[in-house]
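Please open the structure in a viewer and keep the selection tool at hand.

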Amino acid sequence: MLKYNIRGENIEVTESIRSYVQKKLTKLEKYFEDTSNSTAHVNLKVYSDKTAKVEVTIPLPYLVLRAEETSPDMYASVDLVTDKLERQIRKHKTKINRKSREKGFETVQDKNDSEENEKEFDIVRSKHFSLKPMDSEEAVLQMNMLGHDFFIYEDAETDGVNIVYRRKDGRYGLIESTEG
């Protein structure tokens, strides 16, 4: 069962809002085997023009679900963001089932270096992860689901390490590795 961290900006999170958010997000649990160690981070905002924005982030072991929606009604925003998350999950599961892969998504481990280093270019943070073979379309999907601007993956056809990224114009770019 998901845990919930619900907070509001310019709005008091009433018990009815809290229970409505929990009721809607609980429906997503049917897509996963175990969500007992997962927390849904929900941020509710009301702006001066009376629009309501709902942001939801649910970090899961091999996937980070994230969506946000804005509408004139807080409850409608909750419905819209839940629908968006459900579409993300279904699209992701369909793609994975279609490819019928057994290997998990990339796992990321943060490693903070506490040693002082006198070098000019100090590396203050290092990430280690395993790459999952996929195509560029799936990599873009993963990047968007994580809310990142780039995503590193192993190309399933060439076995090369590639990077997809979001360009300033909103379209996508691809950096392919070559032997040489």
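Begin by selecting strand β7 (residues 133–134) and strand β8 (residues 150–155), which run parallel and are joined by two bridges. Strands count as paired if DSSP finds at least two bridges between them. Pro-133 has Glu-154 in β8 as its bridge partner. This is a predicted model, in which local features need pLDDT of at least 70 and side-chain atom pairs count only at pLDDT 80 or more, while totals for chains, interfaces and linings use all residues. Residues are numbered from 1 along each chain as its sequence is written, and side-chain values use heavy atoms, with hydrogens and water left out. Helices (H or I, at least four residues) and strands (E, at least two) are DSSP runs, numbered from the N terminus.

Now extend the selection to strand β9 (residues 161–166), which pairs with β8 in the antiparallel sense over five bridges. Phe-150 has Tyr-165 in β9 as its bridge partner. β8 and β9 form a hairpin with five residues between them, and Asp-159 in the turn has a positive phi of about 65°.

Then select Asp-149 and Arg-166, which form a salt bridge with the closest N and O atoms 3.2 Å apart. The term denotes a side-chain nitrogen of Lys or Arg within 4 Å of a carboxyl oxygen of Asp or Glu. Asp-149 lies in the loop between α3 and β8 and Arg-166 in strand β9, so the pair ties together parts that are 17 residues apart in sequence.

Move to strand β3 (residues 52–60) and strand β4 (residues 63–71), which run antiparallel and are joined by nine bridges. Pro-59 stands opposite Val-64 in β4. Which residues make up the covered face of β4? They are Leu-63, Leu-65, Ala-67, Glu-69 and Ser-71, whereas Val-64, Arg-66, Glu-68 and Thr-70 make up the uncovered face. In a regular strand the side chains alternate between the two faces of the sheet.

Another stop is the salt bridge between the side chains of Glu-55 and Lys-45 (3.6 Å, N to O). Glu-55 is in strand β3 and Lys-45 in strand β2 (residues 39–46), ten residues apart. Glu-55 counts as buried at 14% relative accessibility, and Lys-45 counts as buried at 17%. Buried means under 20% relative accessible area, exposed over 50% and partly exposed in between (1.4 Å probe, protein chains only). Lys-45, Lys-53, Glu-55, Arg-66 and Glu-68 are linked in a network of salt bridges.

Finally, select helix α1 (residues 15–26), which has twelve residues. Its buried residues are Ile-17, Val-21, Lys-24 and Leu-25. Seen down the axis of α1, they fall within an arc of 95° (taken from the directions from the helix axis to the C-beta atoms), so they line one face of the helix. Glu-15 and Lys-23, on the other side of α1, are exposed.

Notes: The expected span of a helix is 1.5 Å times one less than its number of residues.
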